[in-house]
Amino acid sequence: MRSEHHNHFDTIRLLTAWSVIVAHHYPITGVTAPAWISNQWLNWAWLGGVAVMTFFVISGYLVTLSWMREPRLLPFLWKRVLRLWPGLCGAVLMCIFVFGLAFTALPAPAFLRSAGALEFAGNLTLVRAATGLPGVFTGQPVEGAMNGPLWTIPLEFFSYCALALAGLLGILRHRRVASLLCAAYMLWYLLCMNDDVTGELVLWPMYTAYFAAGCLIGLHAQWFRQHAPRLLMVLLPLCLLAYFLTPHQSTARFLLWPALIIAIGSRSARRNWLHRVGDPSYGIYLYGFPVAQAITALWPQLPFGINLAVTIATATALGCASWRYIESRALRYKNPGFLRKATPLGKHPAIR
């Protein structure tokens with residue numbers, strides 16, 4: 001179960017974080033996307049959505065493995081909070097006291113005392129989401145928006161809590177019961193909330209369904225590693241045909257993407273420069289939007305490609321700094337003494 005530390009998940013998450021920046025860059029800069037990526041199948045706007053789906057799939061898979069290794073409520077939740085909150089704290093404070101003060105049209109005292117700034121600080125609760133700050137980036141295409149992606153953090157935390165609740169109730173002790181619940185939720189999404197069926201895109205059930213798909217694969221991780229090639233030999237052609245030849249594109253994506261991502265990510269990887277850097281993807285995800293807004297505000301005439309390159313480079317630098325100086329240091333405390341003696345949730349194997 002320790003193999004996730006020597007695989008391709010860090011690389012996938014890094015590419016995914018950059019993809020979110022690319023997807024947001026067209027509306028932030030007000031540039032119309034070229035026709036070749038604005039068609040039905042290569043829709044740039046979907047790039048960000050697929051990237052977030054990928055984050056949720058990987059997260060569902062890895063946190064399920066984490067619970068199976070140590071099926072204890074308090075250590076599980078403590079590790080999840082340590083993974084989310086410190087990096088988020090750094091990003092929220094920088095958005096308010098650096099980007100906010102630099103790019104608001106309000107006087108600094110009025111800005112800091114405003115209800116909007118207090119509401120934005122509420123992101124630190126992990127259960128509330130605010131993406132705008134008062135008076136920031138006025139006159140820009142996405143006026144008033146400071147950090148769009150922050151709305152997904154409470155949804156991620158909610159997914160962690162749902163998994164922890166399943167463990168607390170003893171559901172995760174039994175592989176079949178847990179698998180049936182994951183499959184039932186995924187089926188509910190496909191039949192009732194899928195935009196292929198409803199004609200309306202609702203993000204929260206979609207992303208949590210991808211999280212459930214990751215959990216389902218995590219529950220059967222050993223079987224999946226052994227049979228993933230044969231499974232994908234069946235899924236890949238069928239889902240691609242459905243995607244390109246039928247109107248059920250979301251359904252085809254949902255049936256293929258989780259298995260494909262986990263299969264690629266689970267493959268063994270030699271240590272390389274990325275392993276030495278760590279995992280800056282979360283920081284890149286948190287800083288990409290405000291950096292893009294700031295660069296567009298400072299140099300509005302900058303060509304799109306150069307603007308995007310500078311944004312990715314700056315967000316990557318901030319993401320690496322966040323990992324090195326905040327996130328990785330916080331994770332040193334994931335096994336404190338008061339949690340090592342925490343009582344397990346019943347004397348039972350992690351899963352049967």
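1. Let me start with disulfides, meaning pairs of cysteine sulfur atoms within 2.5 Å. The structure holds 0 of them. A disulfide is a covalent bond between the sulfur atoms of two cysteines. For Cys182, the closest cysteine sulfur belongs to Cys215 and lies 5.2 Å away, so the two are too far apart for a bond. Cys182 is buried, with a relative accessible area of 14%, whereas Cys192 is partly exposed at 42%. In these notes, buried means under 20% relative accessible area, exposed means over 50%, and partly exposed covers the range in between (1.4 Å probe, protein chains only).

2. A word on provenance before we go on. This is a predicted model, in which local features need pLDDT of at least 70 and side-chain atom pairs count only at pLDDT 80 or more, while totals for chains, interfaces and linings use all residues. Residues are numbered from 1 along each chain as its sequence is written, and side-chain values use heavy atoms, with hydrogens and water left out.

3. Now the overall fold. The protein chain comes to 15 helices and 0 strands; helices (H or I, at least four residues) and strands (E, at least two) are DSSP runs, numbered from the N terminus. Of the 352 residues in the chain, 51% are buried. Looking at contacts (heavy atoms within 4.5 Å), those between residues 24 or more positions apart account for 77% of the contacts with a separation of 6 or more.

4. Rolling a probe the size of a water molecule over the atoms shows where empty space is left. Here a cavity is a set of points, on a 1 Å grid over the protein atoms alone, where a 1.4 Å probe fits but cannot get out; lining residues have an atom within 4 Å of a point.

5. What lines the largest cavity? Its lining consists of Ala17, Val20, Ile21, His24, Ile28, Pro149, Ile284, Tyr285, Gly288, Phe289 and Ala292. Helix 1 (9-29) and helix 13 (281-298) each supply at least two of the lining residues. By class, the lining divides into 9 nonpolar residues, 2 polar and no charged.

6. Is Arg13 buried or exposed? At 17% relative accessibility, Arg13 counts as buried. The side chains of Arg13 and Asp279 are joined by a polar contact of 3.3 Å. A polar contact is a pair of N or O atoms within 3.5 Å; within protein, one must be able to donate a hydrogen and the other to accept it, and residues adjacent in sequence count only if both atoms are side-chain atoms. Not counting residues up to four places away in sequence, Arg13 touches Phe55, Ile58, Leu62, Asp279 and Ser281.

7. Leu126 has a phi near 70 degrees, a positive value in a residue other than glycine. Phe137 likewise has a positive phi, of about 55 degrees, although it is not a glycine. Leu126 is buried at 4% relative accessible area, and Phe137 is buried at 2%.

8. Next comes helix 5, where Gly116 is found. This glycine is partly exposed, with a relative accessible area of 22%. Leaving aside neighbours within four places in sequence, Gly116 is in contact with Gly132, Leu133 and Pro134. Gly116 and Gly132 are 16 residues apart in sequence, and 7.5 Å separates their C-alpha atoms.

9. Finally, two leucines of helix 10 (residues 221-245). Leu238 belongs to this helix and is exposed, with a relative accessible area of 54%. The C-alpha atoms of Leu238 and Leu256, 18 residues apart along the chain, are separated by 9.0 Å. Leu240, also in helix 10, counts as partly exposed at 38% relative accessibility. From Leu240 to Arg253, 13 residues apart along the chain, the C-alpha separation is 8.4 Å.

Conventions:
1 Å grid on protein atoms, 1.4 Å probe; cavity = no way out; pocket = protein on both sides within 12 Å on 5 of 7 lines; lining within 4 Å. Nonpolar A, V, L, I, M, F, W, Y, C, P; charged D, E, K, R; others polar.
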